[in-house]
Amino acid sequence: MRNSLIALIGTVLVAGSGLTARADAPPIHIALTAPITGDYAEYGVNFKRSVEMGIDEINAAGGVLGRKFTLSVGDSKGDPKESATLAQKWVSDSTIFAQIGDFTSTCCMASQPIYNRAGMIQLSPTASHTKFAPGSKWSFSIVGTQAFEQPVMAALATQKLKLKTMAVLYINNDWGMDTQKFFKENFEKDGGKVVATESFFQGDKDFNAVLTKLKQSKPDALFVATMYNDCAMISQQREKMGWNLPVLGPSSLYSTQLVQLGGTSVNGLYTDVSFFTKDPDPRIQAYVNGFKKKYGAEPNFHAALAYDSIHLLADAIQRAGAVDKNKVRDTLAATKGYKALTGNITFTPDRDAIKTYKIVQVVNGDFQLVK
Amino acid sequence: MFLQQLINGLAQGSLFALIAISFSLVWGLLKMVNFALGEVYMLGAYAGWLVVMHVTPNLAVALAAGFFAGWAAGWLIEKVAFKAMRGVPHIASLVCTIGFSFFLKEMATWMFGAETKAMPSYYAKTAFTIAEANVSWLQLLMVGIAVTMMILLQVLFYRTRIGLATRAVALDFRTASLMGMKVDKITSLAFSLSGALAGFVGVLAAIYYNAVNPSMGFVAGLKGFTAAVFGGITSIPGAILGGYLLGGLENLSVQFVSSGYRDLVSYIILIIFLLFRPNGILGKKTKL
């Protein structure tokens with residue numbers, strides 16, 4: 001209690017001294033759009049936490065160009081309509097300088113024309129659809145698309161694991177189709193062969209039938225393009241069938257929840273990540289520990305991307321040397337080798353980031369780096 | 001492999017069949033559908049999960065918790081959506097049950113969070129293997145429970161006084177009431193029993209799939225209702241048959257067509273079947 005009181009007084013003093021020093025400079029106003037409630041609440045809440053944490057750090061260090069940051073948060077509920085309405089709200093507020101968000105590609109693409117017309121930076125931490133960032137010169141995505149990610153998984157499968165044949169199971173939505181398409185392309189280019197492909201719909205719980213069918217093609221391994229919770233169920237049912245083989249999947253599987261839900265059935269699973277909580281890098285450890293201390297939870301990949309977004313934006317404003325929308329957009333687009341927690345960021349001409357990926361494997365219920 | 005798919009279908013069909021019976025119970029009495037049954041199933045699954053995680057790993061206790069949670073939910077839905085709305089057009093009760101389904105789902109999200117929770121396995125070991133097809137103890141147990149439930153309910157309805165009273169109320173509740181039967185009590189009992197069954201199946205499904213989440217009831221309710229109509233919604237053996245046929249059809253269409261078309265194939269067969277036999281497999285001709 002006394003500690004928190006001292007901390008509070010300290011914060012007030014620091015904030016106060018900052019204000020008196022630059023009483024004339026108004027703060028830089030940033031808007032965050034995220035699904036704080038609804039089906040994606042888990043991710044939206046982490047967006048908010050990470051961006052708030054980032055802003056606190058930037059302000060504690062004296063802000064950018066002598067100006068502090070201030071944040072407005074809007075809840076899109078994971079609904080494209082809500083996301084577009086919020087975009088209208090942000091662009092009609094002349095104090096707002098740039099927007100961070102939204103979580104899903106669909107939401108980002110729904111609000112994209114509004115930011116494009118108004119000339120406001122739309123920086124999405126997570127939109128990985130190959131058509132998002134090329135859609136407007138004001139749109140940026142830092143997660144890296146499936147077109148960049150899947151060659152890594154294909155190389156792992158063919159070169160390191162020496163797999164020849166693969167069965168693919170994916171969720172039947174935009175993202176799942178993109179993921180399996182890029183994996184198949186790259187895996188077959190590297191000399192492998194996809195011997196069976198099956199899909200399922202959101203909400204399906206019974207995978208016994210598809211797994212039984214995939215098993216008949218006798219593949220060397222199984223590629224699972226789903227979110228972590230579906231993958232946990234698929235793995236459980238596969239284990240009960242007595243079908244043991246190597247399993248691989250995209251970075252959406254990287255979550256401590258995968259291990260909690262999947263138990264022993266996910267042991268040995270491979271996935272690729274561009275952010276790893278056990279990375280010895282002191283900056284990553286500082287973020288992970290700070291997040292844990294502040295919110296009592298471990299940050300995941302999506303949270304780290306949101307944290308990178310706010311710091312990248314601050315860095316771009318610093319480099320541009322002026323709080324000017326056009327200048328900052330051009331500086332942001334010219335970003336080269338920015339050292340983010342989720343890997344270095346260099347934007348392509350289409351404003352997508354090419355990331356470097358690390359391979360991790362579940363070993364005894366814990367993710368570990370594969371050298 | 002055909003055999004393995006058939007076994008998968010039987011296990012999944014047992015879940016469909018038990019939910020189908022829950023629908024049949026309410027339909028038989030009131031000619032009404034309780035659209036919140038899928039969410040009662042979800043609630044039962046959470047009750048079972050709470051017991052396993054915080055009280056005892058005993059499966060029987062978890063199943064009982066699901067049963068009683070479902071009983072309470074069924075009882076409440078009858079009091080609000082049917083008893084309080086007697087005399088107004090049936091459509092009001094129907095919409096009220098839809099309201100309940102949203103309410104229960106949001107309540108679970110608020111209480112337990114939107115993320116999926118893990119449920120431990122029970123009896124997952126292989127009981128026997130025939131022609132390369134594995135059958136687990138849990139799959140055997142599920143089929144056993146579905147058949148036992150059917151027999152118990154048949155005995156209840158055709159061999160006991162309370163069953164006789166229920167059938168009388170189902171036939172004509174005004175006359176039954178004039179003959180001195182406690183119509184309210186019997187309706188309440190049937191609803192609670194229907195809810196209890198749904199809650200009980202929820203726990204079974206949670207164990208079979210090792211997962212519990214607030215949106216698990218929607219698809220389950222839809223499939224259960226379909227199975228009930230398929231089998232002939234007035235008949236309990238029909239509901240069981242409908243459940244197994246739907247389970248078998250779904251799994252075999254994955255095998256012989258494609259997983260992307262599993263619902264398409266099974267529902268086309270269902271629609272064609274109902275065109276020729278609108279009362280379902282074992283349903284009697286009734287005027288609606």
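Trainee: Let's start with α5(B): which of its residues are buried?
Mentor: This is a predicted model, where local features need pLDDT of at least 70 and side-chain atom pairs pLDDT 80 or more, while totals for chains, interfaces and linings use all residues. Residues are numbered from 1 along each chain as its sequence is written, with chains lettered from A and ligands numbered from 1 in the order written. Buried means 20 or more other C-beta atoms (placed from the backbone) within 10 Å of a residue's own, exposed means 12 or fewer, and partly exposed is in between. In α5(B), the buried ones are B:L138, B:Q139, B:M142, B:A146 and B:L153.

Trainee: And what do the buried residues of α5(B) pack against?
Mentor: Elements are DSSP runs numbered from the N terminus: helices are H or I, at least four residues, and strands are E, at least two. Contact means backbone-placed C-beta atoms within 7 Å. For the buried residues of α5(B), the partners in chain B are α1, β3, α8 (183-209) and α10.

Trainee: How far apart are the end C-alpha atoms of α5(B)?
Mentor: Helix α5 of chain B covers residues 137-159, which is 23 residues. Expected span is 1.5 Å times one less than the number of residues, so α5(B) should span 33 Å. That agrees with the model, where the end C-alpha atoms of α5(B) are apart by 32 Å.

Trainee: Which elements of chain B give two or more residues to the side that touches chain A?
Mentor: The contact takes 25 residues from chain B and 25 residues from chain A. On the chain B side, the elements giving two or more residues are α1 (2-30), β3 (133-136), α9 (216-231) and α10 (236-256).

Trainee: Over in chain A, which are the edge strands of the open sheet?
Mentor: Five strands make up this open sheet, with parallel pairing and the order β2-β1-β3-β4-β5; strands pair if DSSP finds at least two bridges between them. An edge strand here pairs on one side only, and in chain A that holds for β2 (69-75) and β5 (139-141).

Trainee: Take β1 and β3 of chain A: which residue in β3(A) is the bridge partner of A:H29?
Mentor: β1 (residues 28-34) and β3 (residues 96-100) of chain A pair in the parallel sense, over four bridges. For A:H29, the bridge partner in β3(A) is A:I96.

Trainee: What angle does the direction of α3 of chain A make with that of β1(A)?
Mentor: Helix α3 (residues 80-91) packs on the sheet and touches β1, β2 and β3 of chain A. Angles run from 0 to 180 degrees between N-to-C directions, using lines fitted to C-alpha atoms, for helices over the stretch in contact. For α3 and β1(A), the angle is about 170°.

Trainee: Which elements do the buried residues of α2(A) pack against?
Mentor: Among the buried residues of α2(A) are A:F47, A:V51, A:M53 and A:I58. The buried residues of α2(A) pack against these elements of chain A: β1, β2, β3, α10 (282-295) and α11 (301-320).

Trainee: Is A:R351 buried or exposed?
Mentor: A:R351 sits in the loop between β12 (343-345) and β13 (358-363) of chain A. Its phi is near 65°, a positive value in a residue other than glycine. With 23 other C-beta atoms within 10 Å, A:R351 is buried.

Trainee: What about A:L65: how many other C-beta atoms lie within 10 Å?
Mentor: A:L65 is in the loop between α2 and β2 of chain A, and its phi, near 55°, is positive in a residue other than glycine. A:L65 is partly exposed because its count of other C-beta atoms within 10 Å is 15.

Trainee: Last one: which residue does a cis peptide bond join to A:G101?
Mentor: Omega of this bond is about 0°.

Note on methods:
Two residues are in contact if their C-beta atoms, placed from the backbone, lie within 7 Å.
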